[in-house]
Amino acid sequence: MGEVEQRPTAGSRLGVQENAGISTLEHGQKLPATPTGKLTSIKVQMLDDTQESFEVPQRAPGKVLLDAVCNHLNLVEGDYFGLEFLDHKKITVWLDLLKPIVKQIRRPKHVVLKFVVKFFPPDHAQLQEELTRYLFALQVKQDLEKGRLTCNDTSAALLISHIVQSEIGDFDETIDREHLAKNKYIPQQEALEDKIMEFHRNHIGQTPAESDFQLLEIARRLEMYGIRLHPAKDREGTKINLAVAHTGILVFQGHTKINAFNWAKVRKLSFKRKRFLIKLRPDVNSSFQDTLEFLMASRDFCKAFWKICVEHHAFFRLFEEPKPKPKPVLFTRGSSFRFSGRTQKQVLDYVKEGGHKKVQFERKHSKIHSVRSLTAKPSEQHSEVPTQNSSFTYGDNVDSPVVQSCWQGKELKVSVEDGGQRASPSLKKSPKEGRRLDGAVIATMEEEEEVLKDRPQHSRPQAQQPSTAGSLAGSPHLSELSINSQGGPAMANVTLSPNLSPDNRQASPLVSPLLNDQSGLRTDDEEEVRRKRFPTDKAYFIAKEVSTTERTYLKDLEVITSWFQSSVSKDDCMPETLKNLIFSNFEPLHKFHTSFLKEIEQRLALWEGRSNAHLKGDYQRIGDVMLKNIQSMKPLTIHLRKHSEVLVELENGIRNSRKLETSCRDFEMQKVCYLPLNTFLLRPLHRLMHYKQIMERLCKHYPPNHVDFRDSRAALAEISEMVAQLHSSMLKMENFQKLHELKKDLIGIDNLVIPGREFIRLGSLSKLSGKGLQQRMFFLFNDVLLYTSRGLTASNQFKVHGQLPLYGMMIEESEEEWGVPHCFTLRGQHQSIVVAASSRSERDKWTEDIQMAIDLAEKCNGPTPEFLGSSPPDTKSPEEPTVDQESEDDLNASRTSLERQAPHRGNTTVHVCWHRNTSVSMVDFSIAVENQLSGNLLRKFKNSNGWQKLWVVFTNFCMFFYKSHQDNHPLASLPLLGYSLTIPSESENIHKDYVFKLHFKSHVYYFRAESEYTFERWMEVIRSATSPASRIRVLSHEESHVY
């Protein structure tokens, strides 16, 4: 075999080496919280115009992405930089480091963020690293090219001459002319070429580092250096531009500075709607008014400028991070936004602590190699090449096409898109201290703003396995969440405080399972002996997860193929064509997966040594079994493609046949149908996603030389292809299924399910009326917002009271006006209502989703026609005392033929949200689909002594409890919305491994897993239910669902 040629890595142009990152954590300081959930790919355009992709958790804060970029570049002084992007309103904004990325960027995969300089220091000698100064030089070059850095011709020629010196070296007239012909550094460059070459002739012998230094020395003296203009008007309506710099706030007319307000003069910064306000300190010698007011284009422009002013003040003026303000007990006023990161002083102090090793990096377009940071004494603060100290280690697997990058236990992969080549550097990532520390800035504003509540998390470093994605075309990025399960508090301590409903009614009895039978208790000694008999390899537990979840999936298929088929045949209520369509597409799947489960269980028996204890390695793998069966599954996709037709035709049959409707409703009331009936019709498509996730974890676990790696990787490629082909269909089916499920919970509405309508969010809010705050259930779609009250009938359905078309709607903050915490006003074209959420976070979720739905509605052809059945919309204002005074007769007055008085399931997600006073979005449902798990757990009540073994199925935000996996129906269920997931404390005396705790008010349950892997998996999937996402996934108007 020949020698393997090493491909250039993503950071080769900067000489990035595979390293362990640079930790900026002080002694004893804990790592930031580990974000969880599915990874999303985000493109970042670097300062040298290359684009690189970073994969980060969907709900990770912006800090995770910025840290990934800085670690990718081995950039120590990353605090000077930021990520900017165009939001959905085409406003350039900075990525908030504390706020989840998914809450800031609607479609991360379609947005390219720009890595640029954010804070320009007054003296470039304060930049201690040569790499940092190189990046600043690239920023100056970019600003010149785009016309942002305006200057006279002499300064422009001198700047370009230093850029040319750093790129091609000493002067040579022929080379200079060729280079300037190919590279345009400034508009109308041709007129300056002779002057550029004249200056370049004087730079002979100057190194690239010296050229960068001189370039910055000239640029920093220019008036427009580091300036980003923000259009505004003064009180007289004169057009001006505002900007912020290290000195304070600047006022420009065109590109000429006409005024400046130093930070020392500024007492307070605020904004109210479109008005930006600067409150100055009293000065008898000044002619300025106490408060200056500037009008900007919109509230969003105003807020964006206000935030960057807050950040500049904190970064340049404070010695350390401003501490967060204490949260008020009852009322809050002002923004929650605060500067996050190290101040400039802290950055300087950190970098000057020790000498740094010599590290080479390559410059784009440069023929000259440069040494990054020569060793010097710490006291030489302003040396031309400042002191630097970095520790770098090469990765173990430098020839691997994809090697690891770890952000506190979360796999974080980087791929590069440069010249058509894709490669990934090896980076073991340690997040920097500076962007983690919280702080609040003195500036305030007079509107309620979004709050991101920090949730304490702890993590233990995990042993890293080599990570390889291979060279599969279109292969998904592999990820794995490593969570501690031993040795003290090591998991996310997620606490969601549920609230009582406005009328202080107690929560429904569904808060706890009714499993009080202690007959299933087992002793700890029995558990330890059983545990020690089985293998401890992670691959074994992954294989076991395939087996346990396959058992549940097979039971779900039997709900359709056996129980439902028997029920409709007995009632003789289903047309033969519909019966053939449903069961002819589900029975082949049931037959195949019955055989698949047997093969998996046989392999596990061999692996555990139950059948052939002498057999070893050949049977201690699962990838070959998965590959064989996934390939055999491909012919079955013909049945999977018909599931959308099955779902639509069944709903059409129910709508057209009273007898079939009654039969299906009665079947849903049976214990075996523990979920809505149409949910089971989606299970085969959901199962494909589970296979994909399982194979991703397996490939992530195996080293490339493992005997099972090749089969596992091939199986992953096969299942990924199947998922990609069916994913679009599945999304449409999920929305269709959700609309029909909601239809069963609502009365007073006729045509909820129409083509193009998409469900966004449902949940409990309090509506302000003449009688005060009254609990209402709200349902948000992409064209309308419904509000309902719970019926006082046996059906437990929700009666629709009104609708607010989203076209032309406005959201107004109204806490001060009404004196109600977390309230806001929804002002439509014909009516307005005032509503209050149970918490700040709930309010932010609702306002964010409603605003996005409004934006989508504006893109449609016009307002949506009213579609209430027979209940007129509530058009009264909050002051009128007759609003929402319902009686039982009123609740029963309006019913369509499909909503007669009948027994109705009382533990649907809608009812859980009502009792727990919370909300869920469509993306929460999608995440719940991906986070399903089955297996044995030991459960213990708060005051009991022993542990009871149960078979537990987690799906649809709920834990279902069985005596064993052979049972056909659950004994009880525990909806988890509103529950808190924690690790037991020492005071609780749970001295066992792999234990997690669920609690809601006075209800406390302890669950114990059999291994570290299963513990991690249960924690991961349960957290998805106890910590719902705040950003919803909505298709664009062009992608609207068509049925």
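Guide: H11 and H17 run roughly antiparallel to each other, because the angle between them is over 145 degrees. This is a predicted model, and in it helix H11 covers residues 538–571 and packs against H17 at an angle of about 170°. The axes of H11 and H17 lie 10 Å apart. Sorted by residue type, the contact of H11 with H17 has 15 nonpolar, 7 charged and 2 polar residues.

Helix H17, residues 677–701, packs with helix H18, residues 709–745, at an angle of about 150°. Their axes are 7 Å apart. That angle makes H17 roughly antiparallel to H18. The crossing in which H17 passes H18 is left-handed. In the contact of H17 with H18 there are 17 nonpolar residues, along with 7 polar and 5 charged ones.

For another arrangement, turn to H4 and H5. Helix H4 spans residues 153–168 and helix H5 spans residues 173–182; their axes come within 11 Å and cross at roughly 105°. H4 is therefore roughly perpendicular to H5. On the H4 side, the residues are Ile160, Val164, Glu167 and Ile168, and they meet Ile175, Asp176, His179 and Leu180 of H5. By type, this contact divides into 5 nonpolar, 2 charged and 1 polar.

The structure holds 32 aromatic pairs. One of them joins tyrosine 979 and tyrosine 1005, with ring centres 6.5 Å apart; the planes stand at 35°, so the pair counts as tilted. Tyrosine 979 sits in the loop between strand S32 (972–975) and strand S33 (980–982). Tyrosine 1005 belongs to strand S35, residues 1003–1008.

As for confidence, the mean pLDDT of the protein is 75, and 69% of its residues reach 70 or more. Over residues 1–32 pLDDT stays under 50, and the model has 92 contacts beyond four places in sequence for that stretch. Residues 369–520 also stay under 50, and for them the model has 508 such contacts, again beyond four places in sequence.

Conventions
Residues are numbered from 1 along each chain as its sequence is written. This is a predicted model: local features need pLDDT of at least 70, side-chain atom pairs count only at pLDDT 80 or more; totals for chains, interfaces and linings use all residues. Side-chain values use heavy atoms; hydrogens and water are left out. Axes are lines fitted to C-alpha atoms, for helices over the stretch in contact, and angles run from 0 to 180 degrees between N-to-C directions. Helices (H or I, at least four residues) and strands (E, at least two) are DSSP runs, numbered from the N terminus. Angles under 35 degrees count as roughly parallel, over 145 as roughly antiparallel, 65 to 115 as roughly perpendicular and the rest as oblique. A crossing is left-handed if the near helix is turned anticlockwise from the far one by less than a right angle, and right-handed if clockwise. Ala, Val, Leu, Ile, Met, Phe, Trp, Tyr, Cys and Pro count as nonpolar, Asp, Glu, Lys and Arg as charged, and the others, Gly among them, as polar. pLDDT is the predictor's confidence in each residue, from 0 to 100. Contact means heavy atoms within 4.5 Å. Rings of Phe, Tyr and Trp (its six-membered ring) pair if their centres lie within 6.5 Å; planes under 30 degrees apart count as stacked, over 60 as edge-to-face and the rest as tilted.
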